[in-house]
Amino acid sequence: MEIVKNKAMEVAMKVKKLGQDDPRRIIHSIKVGVALTLVSLFYYWRPLYDGFGASGIWAVITVVVIFEFTVGATLSKGFNRGLGTLLAGGLGVGVDYLANLSGQKGEPFVLGVFVFLIATSATFSRFFPGIKARYDYGVLIFILTFSMVSVSAYRFDEFLTMAYQRLSTIVAGGAICIIICIVVCPVWAGETLHNLVTSNLDKLGDYLEGFGGEYFYCCDDEEQVTSIEKDKSFLQGYKAVLNSKSMEDSMANFARWEPKHGNFSFRHPWKHYLKIGSYARQCAYHIQALNTHLNFQPPNPSQFRTIIQLPCNTLSSQSGKALKALATAMKTMSDPSPTSQVHLNAAKSAINDLKNCLKSATTQTPDEPSNLLAIIPDATVASILIEMVKSVEDLCEAVSELSVKAHFKRVEGSVAVEKPQLLHRGAIKPFVEAEGEDENGHHVVITVREIENEDSPQKKGSSDTNGFVNKK
């Protein structure tokens, strides 16, 4: 009994966690239940049952097979099911008419030939990448419906009435699915794809920003070491990027079916997100290579590591900031160029600094014995970071191209404003004011500012006086 109780508690905790991770899953489950309850009226409500008969079960089947988590997936399946059923039904009626012309003996032969030819050709068409990606479910429904219509027409005289009832209930079930999916707490595949790509860029940026401190840190204080090792979750974020390709492909495919929603138009360049995702995975592969070197912490770091530490830190940090700037620009749907380009240029400048450090490393340590095995890991890390900048540059170009195609809002580049410099050196004393009247009887206010000039050839304590006269 105790084992059963523990298992029940374990299942309950998993269900709770699943719902907390994404509350939209709970809402989706409720929407499916509501849709099935509505289409069940084809059986429960007598007037509908008298009109459609046993064909009402096809409305229930339609809801079960086409109601998906996202709006795009539901629209895709609904369109494919409706189009496949309509085309197969029309073709089946035509084939039945031709079979009737061949007489009673030739009818089964004609039907069998057409079923073989159409089923074979339709099945082969599913291997085309374009059809496989967008219309595979529709072709499957086409084969199923055509076979059912053609075979049943041979034994069932009123198959036209049956086809009409089935088509009507399928359309009704599909309409109920689409309306509920779009109206009640919709989950958009396009928005999901946009957030996924943005989150991936953010995770890569977090890793690169923290990599320098993780790889090069050297401290003897145990408390400081403990605080550094507390939160290492950002070091695992790149793994989600490596495994995101299949989800990106499916979301991009479903997003093309969705109408305008939020900031995304019907013709939004969803396919371009796949290009950004591909470049992001290239960065993730570089990070995976860097991650293998994190555990290599020699007790006595070589002078070579000390020499390349600063440029490598800058290179990693600026690359991470450029990626986070791209993620921020995608979140706000604004032009990424002004901010990301600054960090990218800083990373490129760090590459030159790193090359100069590598050149100087050969001249500053001529008396040290060359230990190639000790230098190789650090040199490999420096080489990977240099390659990383190229991937970040490709990502910047891809996101900039997306911002143009998707009409992101343009942001004027920020210009660094220099602080005004004083033309003197000294301390400015408070203003001194004096009031009086001039010869014409006007009220006059005289403001005097004294400046202690340290560089003046006069003695210390002398002052320059600037006067301002305002007449009232």
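Which element gives the largest share of the nonpolar patch? The answer, helix H2 with four residues, is set in context below.

## Basis of the model

This is a predicted model, in which local features need pLDDT of at least 70, side-chain atom pairs count only at pLDDT 80 or more, and totals for chains, interfaces and linings use all residues. Residues are numbered from 1 along each chain as its sequence is written, and side-chain values use heavy atoms, with hydrogens and water left out.

## Helix H5 and its two partners

Two packed helices are described by the angle between their axes and the distance between the axes. Helices here are DSSP runs (H or I, at least four residues), numbered from the N terminus. Axes are lines fitted to C-alpha atoms over the stretch in contact, with angles from 0 to 180 degrees between N-to-C directions.

The axes of H2 (residues 24-39) and H5 (residues 57-66) come within 9 Å and cross at roughly 170 degrees. H2 is therefore roughly antiparallel to H5, a term for angles over 145 degrees. In this contact (heavy atoms within 4.5 Å), Ala35, Leu36 and Val39 of H2 meet Ala59, Val60, Val63 and Val64 of H5. By class, the contact of H2 with H5 has seven nonpolar, no polar and no charged residues; Ala, Val, Leu, Ile, Met, Phe, Trp, Tyr, Cys and Pro count as nonpolar, Asp, Glu, Lys and Arg as charged, and the others, Gly among them, as polar.

The axes of H5 and H6 (residues 71-101) also come within 9 Å, crossing at roughly 140 degrees. Trp58, Ile61, Thr62, Val65 and Ile66 in H5 meet Thr74, Lys77, Gly78 and Arg81 in H6. The contact of H5 with H6 has four nonpolar, three polar and two charged residues.

## The nonpolar surface patch

A nonpolar patch on the surface is formed by Ile26, Ile30, Val34, Leu38, Leu41, Tyr43, Tyr44, Trp45, Ile57 and Ile61, with about 970 Å² of accessible area together. Patch residues have over 30% relative accessible area and no salt bridge, and nonpolar side chains are joined within 5 Å; areas come from the Shrake-Rupley method with a 1.4 Å probe.

H2, H3 (41-44) and H5 each give two or more residues to the patch. Ile57 is found in H5.

## Salt bridges

The whole structure holds 15 salt bridges (a side-chain nitrogen of Lys or Arg within 4 Å of a carboxyl oxygen of Asp or Glu). One joins the side chains of Arg126 and Asp136 (2.8 Å, N to O). Arg126 lies in the loop between H7 (103-125) and H8 (129-134) and Asp136 in H9 (residues 136-155), so the pair ties together parts that are 10 residues apart in sequence.

Note on methods:
Angles under 35 degrees count as roughly parallel, over 145 as roughly antiparallel, 65 to 115 as roughly perpendicular and the rest as oblique. Patches are made of residues with over 30% relative accessible area and no salt bridge: like charges are joined within 9 Å, nonpolar side chains (Val, Leu, Ile, Met, Phe, Trp, Tyr) within 5 Å.
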